[in-house]
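Let's take a walk through a protein model together, one piece at a time. Have the sequence and the 3D view ready, and follow along.

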Amino acid sequence: MPSHMTKNSYLLAALCAIMLLTACRHFYKTTSIHRGASPGSASTVDSLRLTERYFILRNGGESFYMKDPILGAGQKTLECTLDSIAPDHLLHITKGKKGYRRYSKDNPYQVSVLNEVHFYISPDTTATVGKYMLDLNKVQKIEVIEKDKGRTATSYVIGAVGFTVGALAVVAIIVAATKSSCPFVSAYNGNEFSLQGEIYGGAIYPQLARHDFIPLKMSPLSDGTLQLKISNELKEHQYTDMAELMVITHDIKTNVWADEKGDFYGVADPHTPLSAQLNNHKDVQSALTGEGDYEMLYMDDTSNADARNEVVMKFKKPLDVAKGKLILSLKNSYWLDMLYGELAKGFGTHYAKYIQDQHSKPVAELLKWVKEQQLPLEVSLKTSSGWKRLSDITTIGPLATRNIIVPVDLAGNGDLIEIKLSSGFMFWEIDYAAMDFTPDHSFTVRKLSPQTATDELGKNIIPLLEKEDGHYLEQPLIGNVATMIYKTIINTDISKTQTYILHVKGYYEHIRDFKNKPDIKFLKKFTQPNAFPVYGMQLYNKIRNENLNELAKRN
């Protein structure tokens, strides 16, 4: 496996299909919800467990496999390579076994139907084998196929029915079909609401409620108003204590980003690493030098025996500099998201009680387990006495990359410095890394409380969001949306620009209704340090080998 790549969706789709093989007669069904359906219809959408799915474009009478799908930078398009559909993904196109939307669980050429997502569009003559860009606003319908609990197998068909209309809704649907994570944030960019990312990732119990600082790409209207949305698009209960918008005015030649504590730093002259090695033997420098280039440092399957991925980067430092700023553009992997789903499933019918029991655990005990399982991204600096830990970056979710600053004290270091990033097997993806050695730059920060804030029913929710006071906005259902409007002073100085960062605090709780019995033997091993990443590495290699063997048999 390559250590950096865009999306190896073919492999992961096949891996997920094999996982479904272990899942009388078996059926699937479709229930159409098209564009224009009410937002409440989104409550029928179940958050599916698996990650990478097999995408199929339905272009009139033609169908294509959408290989390596990647959301465009503005999240209005889905870029992919159209190819012929594999034999094991033809079942739904022919309406199932004997035309009755039926499949055989023992036939690998039929069970793969449960791993498919179908995109329906009006006939497009440009859709041919090769590179293709799908305009998400033109998607008429999406079918996400899964087991039907009533007839023994289910599918959900979703139109563009998210908390807004158009491409953003389709993006939300794609994500809801492939992940399970934290609250979504979208911001108005002057033309439409654009999905920005997730907030307070990993805060899955009340005592883990935390502050989070998410950079936003947005633009004010002519009257200085700025608009945001926080929405529940998954099967979760979400709780937000505050939503403060920070407007930072700074020199147009600099960027300003935050560290995890919410301190701001100006970046004027970032330097990418001279070298970068993954697990002490793979050159991954090119994956870290271009931000937003879809080439990610994707923690790979050649991990160390303890399932730890380590990246060591070297930077050239001016001799007279004692402070630096490490810039990282990163996110969590969908693999981590899937692994958590597998762990949760192990609790089976005991899951709800387990979650309730966790509410009484001390914060230190919960964070100790998180650290022992290598979930945070540990950032370290090499010193004369060994590696010195600088920060443990908290999980931020797999939906979108985020820029984060890590301040670095370089006193006593020479002109060559080494920074190490480490975490559990395939838990993080790094898009960009650089060091800035320029002095702190001047900038001003305005902290804005919402001028208006309403929920999806138009109810005033300002008292719940205007300040941190322990009174939470509760969003317990898919389709719950908080819309905030802020008022700022528009920048008129052409030598300045403005950066927007949303400061929130909150937590969320997953909602699961497992029917299986608890797997005590499976769960016990996760009481040991490092068990979670080791399990992930073993599962990945197991499924990969089974998949390769299956492919070899077919050839």
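At 17% relative accessibility, does Asn530 count as buried or exposed? Keep in mind that what you see is a predicted model. The cut-off for buried is under 20% relative accessible area, so at 17% Asn530 counts as buried. You'll find Asn530 in the loop between α9 (520-524) and α10 (531-554). Its backbone deserves a look too: phi of Asn530 is near 75°, which is a positive value in a residue other than glycine.

Now hop over to Gln374, which sits in the loop between α7 (363-372) and β24 (377-383). Gln374 isn't a glycine, yet its phi is positive, about 60°. And is Gln374 buried or exposed? With a relative accessibility of 5%, Gln374 counts as buried.

Next, let's turn to a sheet and begin with one of its strands. Strand β11 covers residues 184-188, and five of its five residues are buried. What about its two faces? On one side you have Phe184, Ser186 and Tyr188, on the other Val185 and Ala187, and all of these are buried, so both faces of β11 are covered.

Who are the neighbours of β11? One of them is strand β12 (residues 193-198), which pairs with β11 in the antiparallel sense over five bridges. β11 and β12 form a hairpin, with four residues between the two strands. In that turn, look for Gly190, which has a positive phi of about 105°.

Strand β14 (residues 225-231) also pairs with β11, and here four bridges join the two antiparallel strands. Take Phe184 as your example this time: its bridge partner in β14 is Ser231.

For a last stop, find Ala453, which stands opposite Met484 in β32.

Note on methods
Residues numbered from 1 in each chain as written. Predicted model: local features only at pLDDT ≥ 70, side-chain atom pairs only at ≥ 80, totals over all residues. Heavy atoms only, no water. Buried < 20%, exposed > 50% of the residue type's maximum accessible area, 1.4 Å probe, protein only. Pairing = 2+ DSSP bridges.
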